[in-house]
Amino acid sequence: MTSSKGLPRKNFTFGRAFLLLIAALPGTLAAQSADEVRSVQNIFAPIGAPAEMIHQTSILVLLICLGIFVIVGGLLFYAVVRYRHRPTDDDTTEPPQVYGSTAIELAWTVPPILIVVVLALATARTVGEIQNPKFAADPLQIRIVGHRFWWELHYPKYNITAANEIHVPVSYLSTPHPVELTLASADVAHGFWVPELNGKQWLVPDKETKWWIQPTSLGIYLGNCTVLCGYQHANMLIRIVVQTPEDFEKWISQQRQPANQNPNAEAGHKAFESNSCGSCHTIEGTISQGVFGPNLTHFMSRQTLGAGVAPNDDANLKSWLHDPQILKPGCLMPDMKLDQTQFDEILAYLKTLN
Ligand code: CUA
């Protein structure tokens with residue numbers, strides 16, 4: 001029997017098994033589509049340098065702990081079976097008591113100390129390497145500001161402000177594209193965690209923290225805020241869109257365009273401004289320059305609404321505009337109580353912001 005390409009079945013199976021093996025190796029997952037959402041957040045499937053370092057350390061720790069578990073559990077099991085109560089046991093005399101055995105004292109102090117030293121050194125090395133990275137190329141800089149309950153994004157080199165969906169180029173072995181994140185908070189403490197790309201990092205008011213990622217496979221990686229920051233903490237979702245360098249450049253040049261000024265949506269533009277939407281939202285090139293909510297200049301280029309709470313489609317957008325508290329109760333955008341005409345006009349306007 002042959003496969004569609006005429007290979008003997010035996011080779012096909014071997015080749016498939018080999019591919020599966022390669023795919024199972026961390027960080028070598030064959031490049032997939034940039035649109036694929038990696039919906040399972042898995043620390044055991046690291047993609048890219050920092051997550052792989054953490055993964056290796058965690059495997060070392062788990063193996064050592066497994067060894068301890070097998071030895072301690074095995075000795076316990078042996079003792080329970082070997083010294084279990086038997087009907088012939090003499091219950092009137094004490095078993096032999098052992099005091100001050102140097103061999104036993106050394107056995108239960110020296111190996112644990114050595115194990116702790118090994119774990120501490122291995123962990124300190126990984127922490128050091130992640131906190132003081134030696135980038136193989138000039139990293140792309142992104143500044144991320146945590147807000148209750150969304151993410152403000154700046155790409156200083158390109159003068160771009162965006163929100164919630166972090167676009168980065170994929171790293172190839174020959175052309176690494178490390179991404180350095182500068183994290184800050186506009187209000188309370190937040191946490192940044194995309195498990196397949198790196199560990200957790202804090203975002204705290206009045207202080208900047210650094211983090212980095214270097215994804216080696218295309219796709220959309222999901223993460224969460226990891227510090228309880230309020231009512232909608234659980235819906236403060238992160239999307240990292242890892243694209244080919246060419247697609248990333250396209251995204252950059254599209255985001256650098258000024259806001260679309262569609263003459264047919266002028267009524268909506270005016271309604272947006274007269275309802276003070278612009279005191280919270282910026283639309284570049286207009287008088288709307290608010291910074292409390294996400295920048296909406298290229299709003300329609302986003303996949304989701306409300307920091308990942310729902311797909312950015314027609315029904316959800318209508319629901320959001322009608323009352324954001326329906327999709328995201330407790331979010332800081334109020335129900336604007338728009339009348340039907342204003343609602344329709346603003347909806348039409350938002351849909352032009354691509
Ligand atoms: Cu931000 Cu939890």
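User: What makes E2 and E3 count as a pair of strands?

Analyst: Happy to start there. E2 and E3 run in the antiparallel sense and share five bridges. Two strands pair if there are at least two bridges between them, so five bridges are enough. Please keep in mind that this is a predicted model. One place to look is Val-145, which stands opposite Glu-152 in E3. The two strands also form a hairpin, with two residues between them.

User: How do you know that E3 and E4 pair as well?

Analyst: The test is again at least two bridges. Strand E3 (residues 150–155) and E4 have four bridges in the antiparallel sense, so they pass. In E4, Ala-162 is the bridge partner of Leu-153, and Ala-163 is the bridge partner of Glu-152. E3 and E4 form a hairpin too, with four residues between them. In that turn, Asn-159 has a positive phi of about 60°.

User: Why are E4 and E9 said to stand at the edges of the sheet?

Analyst: The open sheet has five strands in the order E4-E3-E2-E6-E9, and its pairing is mixed. Strand E4 (160–163) and strand E9 (209–213) each have a single partner strand, so one side of each has no neighbour in the sheet. On average, neighbouring strands of this sheet are turned by 25° against each other, direction ignored.

User: What makes E3 a mostly covered strand, and which helix lies across it?

Analyst: Five of the six residues of E3 are buried. Helix H4 (residues 245–255) lies across strand E2 (140–147), E3 and E4, and runs at about 105° to E4.

User: Is Ala-307 buried or exposed, and how do you know?

Analyst: Ala-307 has a relative accessible area of 3%, which is under 20%, so it is buried. Its phi is also positive, near 55°. Ala-307 is in the loop between strand E12 (304–305) and strand E13 (310–311).

User: What makes Arg-38 and Glu-196 a salt bridge?

Analyst: The N to O distance between their side chains is 3.8 Å. A salt bridge needs these atoms within 4 Å, so the pair qualifies. Arg-38 lies in strand E1 (residues 37–38) and Glu-196 in the loop between strand E7 (190–193) and strand E8 (201–203), so the pair ties together parts that are 158 residues apart in sequence. Both Arg-38 and Glu-196 are buried. In the whole structure, a search finds eight salt bridges.

User: How do you know that Glu-208 and Arg-143 form a salt bridge, and are they buried or partly exposed?

Analyst: Their closest N and O atoms are 2.4 Å apart, which is within 4 Å, so this is a salt bridge. Glu-208 sits in the loop between E8 and E9 and Arg-143 in strand E2, 65 residues apart. Glu-208, at 45%, is partly exposed, and so is Arg-143, at 30%.

User: What separates Asp-314 from Lys-318 in helix H6?

Analyst: They are four residues apart in helix H6 (residues 314–322), a separation of about one helical turn. Asp-314, Lys-318 and Lys-351 are linked in a network of salt bridges.

User: Why can Leu-62 belong to a nonpolar patch on the surface?

Analyst: Patch residues need over 30% relative accessible area. Leu-62, in helix H2 (residues 49–82), has 45%, so it clears that cut-off and is called partly exposed. The patch consists of Ile-43, Phe-44, Ile-59, Leu-62, Leu-63, Leu-66, Phe-69 and Val-70, with about 780 Å² of accessible area together.

Notes:
Residues are numbered from 1 along each chain as its sequence is written. This is a predicted model: local features need pLDDT of at least 70, side-chain atom pairs count only at pLDDT 80 or more; totals for chains, interfaces and linings use all residues. Side-chain values use heavy atoms; hydrogens and water are left out. Axes are lines fitted to C-alpha atoms, for helices over the stretch in contact, and angles run from 0 to 180 degrees between N-to-C directions. Contact means heavy atoms within 4.5 Å. Patches are made of residues with over 30% relative accessible area and no salt bridge: like charges are joined within 9 Å, nonpolar side chains (Val, Leu, Ile, Met, Phe, Trp, Tyr) within 5 Å. Accessible areas come from the Shrake-Rupley method with a 1.4 Å probe; for residues, only the protein chains shown count as cover. Buried means under 20% relative accessible area, exposed over 50%, partly exposed in between (1.4 Å probe, protein chains only).
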